[in-house]
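Here is a briefing for a reader new to this structure. Take a look at the model, then follow the points by topic.

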Amino acid sequence: MRKKIVLLSLAVIVAILINRSCKIVPIDQIGKTFDPKSYAQNVWLKLQTQLANLSKADSYEVLELLNLNPEEAHQKYAKIVGISNYRYYIVEGSGRVVSFNEDGILIQIREEAKQPEFYITRRVFGNTIVMATGIIKMEDFDRIMDFNLVSTALNDIVSEEVATPFIESMREKASTSDLMVKFIGLFNLLRDDPVRYPISVIPLKLELSQGGY
Amino acid sequence: MRKFLTIVVAVAILVVGFTAFAETKGKIAVVISTLNNPWFVVLADAAKLRAQELGYEVTVFDSQNDTAKESSHFDTIIAAGFKAILFNPTDADGSIANVRRAKDAGIPVFCIDRGINARGIAISQIYSDNYYGGVLMGEYFVKFMKEKVKADKIPYAELLGILSAQPTWDRSNGFHSVVDKYKEFTMVAQQSAEFDRDTGFKVTEQILQGHPEIKAIWCGNDAMALGALMAVEAAGRKDIFIFGFDGAEDVIYAINEGRLIAATVMQFPKLMSRLAAEWADQYLRGERQFPEIVPVTVELVSRENIDKYAPYGRK
C-alpha cells in the first residue's frame, strides 16, 4: 500500500513538472507564429507591382516649390499620417551623380542647383516607406509591435535589394561624372524646419543611364 | 433689509449651483497607468481640464502600474455609471479585458499615449509613435556620438522601462533598428529601471561600477535619464552623454543648460489628452466615425533646436 502511495505521488509530481515545462499548442496553430520577414517580403512584392500606380510627384517640381514656398509644397505634394508635423513625399525623376560613398549617392536634380539636392541612401530606417505608400496600415495589426517589425524588415529588404547593389555597381564604373540616375523614392520633412540639402531619399527603384539633364 | 439681502444671496447661490449641476453632461473617468511620474500627471491634468471645459464631471484614477488596481478602477467606473473613459493602459495585453468589459457595459474607451494589443474594442487609440521616436533618437545618437568619440568602439548602456509596457519595447526596438547597423557601437549593459528616476540612479551607479568604459546611456524615458544624470554627475564623470525620451520639464532645462543630457524625444501629452476628451464628447453627442489608430507625432529635441520647445510640447 505504501509503495502504491509513493508511486502515485511520484506520478503526480512528474505530471506537474511536465505540465509546467511544456506549452500545449493546438496542432492547427503549429507553424502559424508571426514571421515579420516573410510578411515583409510579400509586402515588398505587392509594393513593386503597385509602383507604377503610386501617386508620385515630379522631383524637379517638388524642389522648385520647396525653394519658393515649403508650406505650399507640403500641401500640394506631401501626405500626412495621423497627427504629425512630418510630411511624406513620394517622388520620381532623374539626377546627375555628383559623388558616392559606401552609404549612398549624391545626386543633383536641377542643373542650376548650387548643391546636390538628394542623397540616395542605403541606410533605411523608420516607417517612412509604409507611411508614405500606405502599403500596410497600423489597423491591420493587433499589435503595433508587429507593424513596426514588418516595417523594419521591409526597410532591410529595400536596403539590400535596391540601394546596396546599386551603390556597389557604382564602384565598377571608371567614371561617374556623366552618369544619370532615374529613381522612384521617398522622404519626409518636418513641416516647419528649414529644408536642409541634401535631402535623404529612400529609393524604391533605381536605374542608371548615360547622358545629361 | 439684511434679511432680504441674505435671502437674495441664498437664492442666487442655489440658482448658480443648480445651473452648474444641470449643465454637467455626466461623468468621465480618466484612468492613468501611474501618477508617480510628472509626465503622466501632465497627461491626466490635460485630459481632466479639457473634459471639464466640455462640461463633464471628471474623476482621475491612478492605476499605480498595477493591472489589478486598474481592473478594480474599471469595476468602480462601470458600477458608478461613468459615460466615457480616457484610458492610459498599464499593460498592452493585460488591459485588454478591462476595455472589453467597459465596451460590454456600453462605455466608450479612448486610449491615450499607450495602446492595447487588440482591435475593435476601444473606440480610438491615440498614442505617441514610440517606435519612430526610438528611430529618431538612434539616428541622432549615432551622429552625435561619432562626432564626440572618434573611436572604433563606442560602448554604451541602455536603461529600459517597465518590461511589460509596450512603449518600452517600441522605443528600444526603434533605437536598435538604427544603432545596431553601425559596428562601432556596442551595448555593454541593458537593464530595466522601470521608468523611475530613483531606480535609474541606482541602476546607473551599478552600471558605472561594472562598465566604467561606457560613453553613453540611452534611457527609455526622461525620469530614468534624470536618475542617470544624477549618478553620472555624482561619479564626477564628464565624458558620458545621456539620451532620454519624453520632453519632460527637467530634461528640457538640462539640455538648455548644456548638461550631459544631449537629447530627448518630445511627446505631446496635452495634445493627445485634449483630442481624446474632445472625441469622447463627440461620441457622446452621436458621432461614430473615428480612426481606430492615431499615431501622434514625436520630435527629436537636442541642443541644436531646443529653442523651439518647451516642457511637454512646442513653444
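Strand S1 (residues 27-32) of chain B runs parallel to strand S3 (residues 84-87) of chain B, and four bridges link the pair. The structure is a predicted model: local features need pLDDT of at least 70, side-chain atom pairs count only at pLDDT 80 or more, and totals for chains, interfaces and linings use all residues, while side-chain values use heavy atoms, with hydrogens and water left out. Residues are numbered from 1 along each chain as its sequence is written, and chains are lettered from A and ligands numbered from 1 in the order in which they are written.

**Terms for strands and helices**

- Helices (H or I, at least four residues) and strands (E, at least two) are DSSP runs, numbered from the N terminus.
- Two strands pair if DSSP finds at least two bridges between them.

**Chain B overall**

- Chain B holds ten helices and 14 strands.
- Its C-alpha trace spans about 85 × 50 × 30 Å along the principal axes.
- Of the 315 residues in chain B, 56% are buried. Buried means under 20% relative accessible area, exposed over 50%, and partly exposed in between (1.4 Å probe, protein chains only).
- Chain B exposes about 13200 Å², and carbon and sulfur atoms supply 55% of that area. Accessible areas come from the Shrake-Rupley method with a 1.4 Å probe; for residues, only the protein chains shown count as cover.
- Take the contacts in chain B between residues at least 6 apart in sequence: 72% of them join residues at least 24 apart. Contact means heavy atoms within 4.5 Å.

**The parallel sheet of chain B**

- Six strands of chain B make an open sheet, ordered S2-S1-S3-S4-S5-S11, with parallel pairing.
- Strand S2 (57-62) and strand S11 (293-296) of chain B stand at the edges; each has a single partner strand, so one side of each lacks a neighbour in the sheet.
- From one strand to the next, the twist averages 15°. Axes are lines fitted to C-alpha atoms, for helices over the stretch in contact, and angles run from 0 to 180 degrees between N-to-C directions.
- B:Val30 has B:Leu86 in S3(B) as its bridge partner.
- Helix H10 (residues 269-284) of chain B packs on this sheet. It touches S1, S3, strand S4 (109-113), strand S5 (124-128) and S11 of chain B, and its direction makes about 170° with that of S4(B).
- From S3(B), B:Ala84 and B:Leu86 point one way, while B:Ile85 and B:Phe87 point the other way; all are buried.
- Three bridges join S3(B) and S4(B) in the parallel sense. B:Leu86 has B:Phe110 in S4(B) as its bridge partner.
- Between S3(B) and S4(B) the chain passes through helix H4 (residues 96-104) of chain B, in a right-handed β-α-β crossover. Right-handed means that, with the strands pointing away from the viewer, the path from the first strand over the helix to the second runs clockwise.

**The mixed sheet of chain B**

- Six strands of chain B form an open sheet in the order S7-S6-S8-S9-S10-S12, and here the pairing is mixed.
- Strand S7 (185-192) and strand S12 (299-302) of chain B are the edge strands, each pairing on one side only.
- Neighbouring strands of this sheet are turned by 20° against each other on average, direction ignored.
- Strand S6 (residues 154-160) and strand S8 (residues 216-219) of chain B run parallel, joined by four bridges. B:Tyr156 stands opposite B:Ala216 in S8(B).
- Helix H9 (residues 249-256) of chain B packs on the sheet and touches strand S10 (261-266) and S12 of chain B. The direction of H9 makes about 140° with that of S10(B).
- S8(B) is covered on both faces: B:Ala216 and B:Trp218 on one side, and B:Ile217 and B:Cys219 on the other, are all buried.
- S8(B) also pairs with strand S9 (residues 241-243) of chain B, in the parallel sense over three bridges. B:Ile217 stands opposite B:Ile242 in S9(B).
- The chain crosses from S8(B) to S9(B) through helix H8 (residues 222-234) of chain B, and this β-α-β crossover is right-handed.

**Chain A**

- The pLDDT of chain A averages 89, and 89% of the residues score at least 70. pLDDT is the predictor's confidence in each residue, from 0 to 100.
- A:Ile105 lies in strand S3 (residues 104-108) of chain A. A:Ile105 counts as buried because its relative accessibility is 1%.
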